[in-house]
Amino acid sequence: MPRWISKGDAIARIQAEGGEPACLMCAIRDGRVGPTHTVFEDDRLLVVLPRYVRRWGQVMVLPREHVISFSEVTPELWAHTNTVAHRAARMIERELAPLRCYVASTGSPGGERANTSMHLHVHVVPITDPEDRPRNVFSWDEGVLVAEPEEWDALRARFAAAFR
């Protein structure tokens, strides 16, 4: 079963796996910070299981292109990103039956930080606790979930099959 670790432990693990990359999302895209569990990909996007999550079953939609502001995102890329995020949310609803899914584009104007990056990306987070709110789902202050490689492999395979 996935288990909780502290925010500090998660950051230390990320740094041990890939240092402090200028762009964490580009490092994830390129496989430079540990294994990447890809659920879906095309020529413009990746849908991956982030390895440090607040809720089990969370996915991230990540444009391959390094874009950091909405001014840089073409309407076509933004529409495609949202179409794929919607598809991911529907897949999570079918597979996990959460109470709802939170879908959020997170980004940091101040540089790379825990659970955020300058690089545009969209999180799709299954919510199973009626008390969950964005403030505790998108913050690492209470720690993050991690899992064993075989748990990630099983979830990735399940989601990849369902994404088709």
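Which way does α3 pass α5, in a right-handed or a left-handed crossing? I looked this up and found that α3 passes α5 in a right-handed crossing. A crossing is called right-handed if the near helix is turned clockwise from the far one by less than a right angle, and left-handed if anticlockwise.

**Ground rules.** I note that this is a predicted model, where local features need pLDDT of at least 70, side-chain atom pairs count only at pLDDT 80 or more, and totals for chains, interfaces and linings use all residues. Residues are numbered from 1 along each chain as its sequence is written, and side-chain values use heavy atoms, with hydrogens and water left out.

**Entry on α3 and α5.** I took helices and strands as DSSP runs numbered from the N terminus (helices H or I, at least four residues; strands E, at least two). Helix α5 covers residues 149-163, and α3 packs against α5 at an angle of about 115 degrees with the axes 10 Å apart. The axes are lines fitted to C-alpha atoms, for helices over the stretch in contact, and the angles run from 0 to 180 degrees between N-to-C directions. I listed the residues that make the contact (heavy atoms within 4.5 Å). On α3 they are Val-84, Arg-87, Ala-88, Met-91, Ile-92, Arg-94, Glu-95 and Leu-96, and on α5 they are Arg-158, Phe-159, Ala-162 and Phe-163. By class I found 8 nonpolar, no polar and 4 charged residues there. For these classes, Ala, Val, Leu, Ile, Met, Phe, Trp, Tyr, Cys and Pro are nonpolar, Asp, Glu, Lys and Arg are charged, and the others, Gly among them, are polar.

**Entry on α3 itself.** I read 22 residues for α3 and 31 Å from its first C-alpha to its last, close to the 32 Å expected at 1.5 Å a residue. The expected span is 1.5 Å times one less than the number of residues. Buried residues (under 20% relative accessible area; exposed is over 50%, partly exposed in between; 1.4 Å probe, protein chains only) of α3 include Leu-77, Thr-81 and Val-84. His-80 also counts as buried, because its relative accessibility is 15%. Leaving aside neighbours within four places in sequence, I found His-80 in contact with Asp-42, Arg-44 and Leu-45.

**Entry on what follows α3.** Just after α3, Ala-97 takes a positive phi of about 50 degrees. Pro-98 is in the loop between α3 and β5, and is buried at a relative accessible area of 12%. I found Pro-126 28 residues away from Pro-98 in sequence, with 5.6 Å between their C-alpha atoms. Pro-98 also touches Ile-127 and Thr-128, among others.

**Entry on aromatic pairs.** How many aromatic pairs does a search of the whole structure find? The search gave 5. Rings of Phe, Tyr and Trp (its six-membered ring) pair if their centres lie within 6.5 Å; planes under 30 degrees apart are stacked, over 60 edge-to-face and the rest tilted. I noted Tyr-52 and Trp-140 as a tilted pair, 6.3 Å centre to centre with 45 degrees between the planes. Tyr-52 lies in the loop between β3 and β4 and Trp-140 in the loop between α4 and β7, so this pair ties together parts 88 residues apart in sequence. I found both Tyr-52 and Trp-140 buried. Phe-70 and Trp-78 form an edge-to-face pair, because their ring centres are 5.0 Å apart and their planes are at 90 degrees. Phe-70 is exposed at 52%, whereas Trp-78 is partly exposed at 28%.
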